[in-house]
Amino acid sequence: MEPANDSPTSQHSDILIVGSGVFGTSTAYHLSQSHASLRVTVLDRAPAPSPWAASSDINKIVRADYSVPFYMDLAYEAMQYWTDSPLMSRFFHQTGWVALDEKDSDLSTRIRKNFRESGRADASADITLDEVKTRWDGVLAGIDTTGYDKAYTNSSAGWADASSAVEAMMAGAVQAGVHYEVGEAVELVADVDRRRLSGVRTADGRFFTGDRILLATGAWTPWLMSPLEKALHIPEEDSIHRQIQAAGVCVAAFQLSEAEAEHYSCMPVLIYGSKGEVMPPTAATTTTTANDDDKAQGERFFFFKFTNSNTFLNTTLHPDTGQLISVPAPDQRAVPSALRSESIDVIRRRVPAILHNGRVPDDWRICWDAVSPDQNQLITRHPVSTLSNLFLATAGSFHSWKFLPNIGRYVVNVLDGKSNGPIKDEAWAWKRTWAGRGAHEKVLPKREFADISKP
């Protein structure tokens, strides 16, 4: 039974957003700009930027290179914010990128066809594999191009300071009137008589209600929804785990000296086919206190990030439902030795010099995201009539961070019952069948975290 709205433990909002990653943050910001009269609350287990969210990272790629035309258009729209918006432009670094294509892949061909047919200026250009090794002061001289047959550059692409940008956008939303609450959502409570989701209970016993409730809970969404689906006898074809699964990917970073950072900073973002990416060095500042005058001092660190695109599930038995569901492992920093070795092998193929004298990464993380079968986002009202006020904005599928500035505008339309146009509505809808090629196919998980973790 739910607490009454006037209970000290109950807090009511016009719109309750659960989760403060890309989708929750962007939606909160756009609501603050277009629906200022509404009470909007964001609930997350941590202050922004939430360290558990896939959006919290050293840096993320910003690019419009898509084989799916509507995502290319959406990314161009986002890039307009990244280059022109006073809120976002300070976080964007337009370094360009270089992408290598495997011999059996037509991905770059399809991407560049979209550029040519878009009517926009085409910032891409062919580059030979030998030129990849000699340009940018020879930073990529040691790259292994075995299995690759072509490459191209795109000068419009780059990267952004990930966590800082999310933090700034949420700060803008809060400044405009959005309420931010820290609490771990542990239960979704339904009001069966009123055919709606009553609210969300937190681990500390508080209860948050909303006229409209948006789950932007990313990789944790299927685990959180499983008990609710069981209680409401929701049929298997409408189960959330048919729409998305939690998938993990390994991220490694080296802490660089200033001289090393200067050396590697001339490189663009490197897309190593389907194997992962290399990001140019990113500066981070930590605050310390000097002993002599007790004044805050900033110390700069530089991180050189590598990703490994070989994703995996973490299928686990849900204790309350007996359902097998992939869920993020509790410790993102616990990276098994086998996964570290695999990642180092891929790093060696890209920038072998960084591993000189047995050097290994200084920072490891498993990034968890919600992945859909076609890698489209899930931005929709729940299809079951007994959950008429429940909406979802999730399924980043490891390619949605770049849409931080603009994706929330489309989520707001869904919350308001407005169409985003037939192409977006279809791509982001709840689906019972799946067809066609995906938007980011290389991220589909093909193995289990438990198998990688075996001694």
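**Strands, helices and charged pairs**

Me: Which residue stands opposite V18 in β12?
Reply: Start with the strands, which are DSSP runs of E with at least two residues, just as helices are runs of H or I with at least four, all numbered from the N terminus. Strand β1 covers residues 10-18. Two strands pair if DSSP finds at least two bridges between them. The residue of β12 opposite V18 is L215.

Me: What kind of model is this?
Reply: Residues are numbered from 1 along each chain as its sequence is written, and side-chain values use heavy atoms, with hydrogens and water left out. Local features need pLDDT of at least 70, side-chain atom pairs count only at pLDDT 80 or more, and totals for chains, interfaces and linings use all residues, since the model is predicted.

Me: How many bridges join β1 and β12?
Reply: The two strands run in the parallel sense. V18 opposite L215 is one of the facing pairs. The count of bridges between β1 and β12 is 8.

Me: In which sense do β12 and β22 pair, parallel or antiparallel?
Reply: The two strands share 3 bridges. I213 has L390 of β22 as its bridge partner. The sense of β12 and β22 is parallel.

Me: Which residue in the hairpin of β11 and β12 takes a positive phi?
Reply: β11 and β12 run antiparallel, joined by 3 bridges. G199 stands opposite T209 of β12. The hairpin has 4 residues between its strands, and the phi near 90° belongs to G205.

Me: How many of the 9 residues of β12 are buried?
Reply: Buried means under 20% relative accessible area, exposed over 50%, and partly exposed in between, using a 1.4 Å probe and protein chains only. β12 is largely enclosed by the rest of the structure, because its count of buried residues is 7.

Me: Which strands are among those that cover the buried residues of α6?
Reply: Helix α6 spans residues 221-231. Its buried residues are T221, P222, L224, M225, S226, L228 and E229. The cover includes β10 (185-191), β11 (196-202), β12 (207-215), β19 (324-326) and β22 (390-394).

Me: Which residue takes a positive phi just after α6?
Reply: The helix ends at residue 231. Just after it, a phi of about 55° is found at H233.

Me: In β8, which residue is the bridge partner of F92?
Reply: β8 covers residues 158-161 and pairs antiparallel with β3 (residues 59-62) over 4 bridges. There, N59 has D161 as its partner. β4 (residues 92-93) also pairs antiparallel with β8, over 2 bridges. For F92 the partner is A160.

Me: How far apart in sequence are the parts tied together by E342 and R447?
Reply: The two side chains meet in a salt bridge at 2.7 Å, N to O; the term requires a side-chain nitrogen of Lys or Arg within 4 Å of a carboxyl oxygen of Asp or Glu. E342 lies in helix α8 (residues 337-350), whereas R447 is in the loop between α10 and α11 (449-452). E342 is partly exposed at 23%, and R447 is partly exposed at 24%. The separation of the tied parts in sequence is 105 residues.

Me: Is D374 buried or exposed?
Reply: D374 meets K431 in a salt bridge of 3.8 Å, N to O. K431 has a relative accessibility of 14% and counts as buried. With a relative accessible area of 9%, D374 is buried.

Me: How far apart are the closest N and O atoms of D451 and K454?
Reply: D451 is partly exposed at 46% relative accessibility. K454 is exposed, with 55%. Their salt bridge has a closest N and O distance of 3.5 Å.

Me: How many salt bridges does the structure hold?
Reply: Side chains of opposite charge can pair when their charged atoms come close. The pair of E342 and R447 is a salt bridge here. The structure's count is 23.

Me: How far apart in space are E426 and N376, C-alpha to C-alpha?
Reply: E426 sits in helix α10 (residues 422-427). E426 is exposed, with a relative accessible area of 60%. In sequence, E426 and N376 are 50 residues apart; in space, they are separated by 9.8 Å.

Technical notes: Contact = heavy atoms within 4.5 Å.
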